[in-house]
Amino acid sequence: MRTLTRRGALGLGAAGAAAVGLGGCGTSTPSEGRAPSGGSADHRPAGSGPKPSARLIGDGSTSYTGRQPKQPERPVPLEPGQTPPQFVVFSWDGAGEVGNGLFPRFLDLAEEHGARMTFFLSGLYLLPESRKRLYDPPNNPRGASDIGYLTDAHIKDTLENVRRAWLDGHEIGTHFNGHFCAGSGSVGNWTPRQWRSEIDQAKSFVKEWRTNSGWTDLPPLPFDCDKELVGGRTPCLLGQENLLPVARDLGWRYDASSPGGRQVWPTKKQGIWDLPLQQIPFPGRSFEVLSMDYNMLANQSLNSTNAPAHNYPAWREQSAQAYISGFKRAYETNRAPFFVGNHFEQWNGGIYMDAVEEALKHMAREKEKGGDVRLVSFRQFTDWLDVQSPEVLDKLRTLDVGQAPAEGWKRF
């Protein structure tokens, strides 16, 4: 039976003490915003004018191509008595294309439904394995990684899909590099100085993939990595406390690494928006589950990625309904933003990919019926948060999980 390697355990509260509550990315298979000023978002309608020609940056691995296309209108503050939008952020850890077609599948799905997402790119996914000794991971041997290096062909596929993702209006964040979750080398033990080294290396692998690979015939990535990178998610949701001072110094705007979040309106930690994965209802069970595909798997097949196939239909439906239940609980009550994490994986026959697609389509239908449902990236949601008055956000935070305003939004 194939199982995943060790991850950090997350408590799910008293109701879920017996549940397997784990967070993080798969390490058994290969799986990286607009800055507050001088940013790269384009609020013009798609097709409203030609994009400027690329201005190459550094060795030509990246480039400046003007404002990012396919961005929403500039956010505005809520009016008195206005119901908040229902924000949903779908995000992807690792964000590499490894020949299973999942990266383009979800780019196509997002385009079909007008959704924007966040792709947390692992920097090593742009570094050829032949050059792996360029990576010097904190507290680990040079070139070591707990996720596999991609083949050259898969690196090229990843470049193609990351390029397309940005041009389609999605955000490119970071999932750092080697995905170390266990032992003395775990990211949970890293100091701020070591996090800074990891981030600098992750950015260098994005900004210098041409130099590192020798591939000069491929087009550059269409964004300035230093301006684009405004947030990330740590491996296994570990190490946030020592990461945040570094993120703040680098001008990051959010971090998505908190474990065990609740469906309430977010706050800042150390000056950074804290946007955690959340505990959501798990149909048929007495506990809640973290809003990530791996956590569905951990509670269904006890970490096995290839469990007996007769379980798949029920597990697929349970996972889809978990996401839909989490969405409905927020949409029909406190309108807290809903965050979902995923990996481009085919665990248990690909049922978790089917589940998240079903859930996204359900949410998109609510939008198409006239509901103010916004399928956005973390950066786009952060843009909205930053224009709201602190008093309004404080009032929204008084609403607990599943709690609607007692006298309705107009009086709230």
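Which residues are linked in a network of salt bridges? Here they are: Lys70, Asp108, Glu111, Arg116, Arg164 and Asp168. By salt bridge I mean a side-chain nitrogen of Lys or Arg within 4 Å of a carboxyl oxygen of Asp or Glu.

Hi everyone! Before we go on, this is a predicted model, where local features need pLDDT of at least 70, side-chain atom pairs count only at pLDDT 80 or more, and totals for chains, interfaces and linings use all residues. Residues are numbered from 1 along each chain as its sequence is written, and side-chain values use heavy atoms, with hydrogens and water left out.

Now, the pairs. Side chains of opposite charge can pair when their charged atoms come close. The structure holds 25 salt bridges, so let me show you a few. One of them joins Glu357 to Arg105, at 2.7 Å from N to O. Glu357 sits in helix 9 (residues 351–368) and Arg105 in helix 1 (residues 102–113), so this pair ties together parts that are 252 residues apart in sequence. Helices here are DSSP runs of H or I with at least four residues, strands are runs of E with at least two, and both are numbered from the N terminus. Glu357 is buried, at 17% relative accessible area, while Arg105 is partly exposed at 27%. Buried means under 20%, exposed over 50%, and partly exposed in between, using a 1.4 Å probe and protein chains only.

Next, Asp386 and Arg253 form a salt bridge, with their closest N and O atoms 2.8 Å apart. Asp386 belongs to helix 10 (residues 378–387) and Arg253 to the loop between helix 6 and strand 8 (254–255), so parts 133 residues apart in sequence are tied together. Asp386 is partly exposed at 40%, and Arg253 is buried at 9%.

What about a charged residue without such a partner? Arg163, in helix 2 (residues 152–167), is buried yet has no salt bridge. The nearest side chain of opposite charge, Glu160, is 6.1 Å away; Lys and Arg count as positive, Asp and Glu as negative, and His and the chain ends are not counted. Setting aside neighbours within four places in sequence, Arg163 is in contact (heavy atoms within 4.5 Å) with Pro219, Pro220, Leu221 and Pro222.

Asp274 is buried at 11%, and Lys269 is partly exposed at 35%.
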